[in-house]
Amino acid sequence: MAAKSAERHPRKSGARSARGTSRTDHSKQISIEDELNRARGGSDTGKKVFTWLWTTYWGHAVLTVLTALAWIGILLLITGNNFDRFFLFLGISLIIIALVSWVIYVVRHSDNRPQTVPADKDNQNIDGKDM
């Protein structure tokens with residue numbers, strides 16, 4: 001019986017269903033990235049969260065706290081709850097982090113600093129006297 005009613009009233013490709021929406025909605029453009037994310041089963045949520053963490057002040061604070069907690073956990077696993085060794089390793093790692101951070105700071109800011117020493121023009125030193 002259902003086949004006879006379908007033959008009497010065939011649905012056209014753009015016909016509306018019972019809910020009033022079109023079966024073939026071509027007004028929505030799907031990008032390739034959306035299609036790939038759907039195929040992978042992922043979404044942009046993780047990418048958005050990581051971008052927020054990486055680009056904002058509070059995101060940097062959260063990443064710093066998470067990194068510090070992870071590092072303390074790794075040190076506790078390595079030292080086996082021997083607190084003398086734990087604090088020794090923690091102190092050494094803090095010194096290394098401070099030195100590496102200082103070197104990065106110096107390298108970044110040395111390129112942007114204007115040259116205060118004039119070029120060697122006519123064999124003059126900084127005081128302007130002949131050599």
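Just after helix α4, G80 adopts a positive phi of about 65°. This is a predicted model, in which local features need pLDDT of at least 70 and side-chain atom pairs count only at pLDDT 80 or more, while totals for chains, interfaces and linings use all residues. Residues are numbered from 1 along each chain as its sequence is written, and side-chain values use heavy atoms, with hydrogens and water left out.

Helix α4 itself covers residues 57-79; helices are DSSP runs of H or I with at least four residues, numbered from the N terminus. Its 23 residues reach 33 Å from first C-alpha to last, close to the 33 Å expected at 1.5 Å a residue, where the expected span is 1.5 Å times one less than the number of residues. At the start of α4, a side-chain oxygen of T56 comes to within 3.0 Å of the backbone nitrogen of G59. The buried residues of this helix are G59, L75 and T79; buried means under 20% relative accessible area, with a 1.4 Å probe and protein chains only.

Helix α5, residues 83-112, contains S93. Why does S93 count as buried? S93 does so because its relative accessibility is 10%. Leaving aside neighbours within four places in sequence, S93 is in contact (heavy atoms within 4.5 Å) with W71 and L75.

Considered as a whole, the protein chain has five helices and zero strands. Buried residues make up 6% of its 131 residues.

Technical notes:
Helices (H or I, at least four residues) and strands (E, at least two) are DSSP runs, numbered from the N terminus. Buried means under 20% relative accessible area, exposed over 50%, partly exposed in between (1.4 Å probe, protein chains only). A polar contact is a pair of N or O atoms within 3.5 Å; within protein, one must be able to donate a hydrogen and the other to accept it, and residues adjacent in sequence count only if both atoms are side-chain atoms.
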